[in-house]
Amino acid sequence: MVQASHAETRRDLLVTAEVLTPVMAELMEGVGNVRSLTPRGSEAHLTGLTVRQARALKEAKVIISPDPDLAPGLKKHLAARMRDGAVVIYLTKLSAADALPYRSHNPFLNLESLSGAPDEHDHGHDHGDGHKKEKKKSTKAKPEMMDPHLWLDPLRMAALLPELAEILSQIWPEAAPSLRANATRIARHLREEVHPGITHILEEAQMRNRDDSTAIPFMTYHDAYHYFQRRYGLSLGFITQRPEEYLGAKTMQQLLAKAKVSQVRCLISERETAAVKRFAKLSQAQIKPLNSDRSYDAKEVPLSPWAKNDYDRLLLAVAKTFAECL
Ligand SMILES: [Zn+2]
């Protein structure tokens, strides 16, 4: 403890997405306070701010946010805070995070040829190489958005924590030893306990014999699981790109046509919208409720030796849900 400076140094961290709070609280252990801009269970893709939230943002000097585009309602507020001298740290901008763009096509529609051409929007993007294609003048090219759901990959979180600790250490130099030690401890827990724990759950599920072995194991309604699926070798389709985007009528038609001739085991979705119900009915899928964008508490998931906080419990809920569908 540095006695000389504690009176004038309040170390407060504001987190814009509640799902990150448990990890950030551990990173700040013995260092300072962590507040979440949003209450538990609330939508991470904020479209607007309450008066209280606007005030909290205005008072915050150090802010952590997954990505500038995660919450359209936050974007300009965060930019304004930066201009006023606050430190805004976006996790997707950390090099250790190795962030990826949102997926640009729907693998479900590519599984076999479908009558009718795919939407031009879904076509021609060779993603995965990290390079932007040259802009085509003939089509409306959308700016490439980064996928903010980094927290669904525990190894990415483990990798970015030391980098984050270094940035915070520049703001609060006297807390550097605690920040570094905390980052190392959490990263080790994620690598040595959480990641093997998830791997085990999924491997066990894959060894099971299924009667409906030809069924498509899962579809996800929210395209949040790219990092998780890549990390754990789970391929397959999503049916919307981002919650703030509505599906075009043509894509929806294609999806429903495809659903009619497919058997899907699970439709993983945080909400039972009309589209979700329709898709599930046509493809005989069971709707599995899961929200990738919030933490889970101990009442919501079974006990596990490695799930020690509400972030770990989200990962456990995700692993269990996918495992039920494999
Ligand atoms: Zn999301």
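Reader: Which residue of strand 4 does S65 stand opposite?

Author: This is a predicted model, and in it strand 3, residues 62–65, runs parallel to strand 4, with four bridges joining the two. Along this pairing I63 stands opposite V88 of strand 4, while the residue that stands opposite S65 is Y90.

Reader: Which strands are the edge strands of the open sheet?

Author: The open sheet is formed by four strands with parallel pairing, and their order is 2-1-3-4. An edge strand pairs on one side only, and this holds for strand 2, residues 33–36, and for strand 4.

Reader: Which residues make up the covered face of strand 4?

Author: In a regular strand the side chains alternate between the two faces of the sheet. In strand 4 the uncovered face carries V87 and I89, whereas the covered face carries V88 and Y90.

Reader: Does K93 count as buried, exposed or partly exposed, and why?

Author: K93 lies in the loop between strand 4, residues 87–90, and helix 4, residues 107–110, and its C-alpha atom is separated by 8.8 Å from that of P66, which is 27 residues away along the chain. A residue needs 20 or more other C-beta atoms within 10 Å to be buried and 12 or fewer to be exposed. Because K93 has 13 C-beta neighbours inside 10 Å, it counts as partly exposed.

Reader: How are helix 6 and helix 10 oriented relative to each other, roughly parallel or roughly antiparallel?

Author: Two packed helices are described by the angle between their axes and the distance between the axes. Here the axes of helix 6, residues 176–206, and helix 10, residues 310–325, come within 9 Å and cross at roughly 15°. Angles under 35 degrees count as roughly parallel, and therefore helix 6 and helix 10 are roughly parallel.

Reader: Which residues of helix 10 make the contact with helix 6?

Author: Helix 6 passes helix 10 in a right-handed crossing. From helix 6 the contact involves V194, I198, I201, L202 and A205, and from helix 10 it is made by D312, L315, A319, K320, F322 and A323.

Terms used:
Residues numbered from 1 in each chain as written. Predicted model: local features only at pLDDT ≥ 70, side-chain atom pairs only at ≥ 80, totals over all residues. Pairing = 2+ DSSP bridges. Axes fitted to C-alpha atoms, helices over the stretch in contact; angles between N-to-C directions. Parallel < 35°, antiparallel > 145°, perpendicular 65-115°, else oblique. Left-handed = near helix turned anticlockwise from the far one by under 90°. Contact = placed C-beta atoms within 7 Å.
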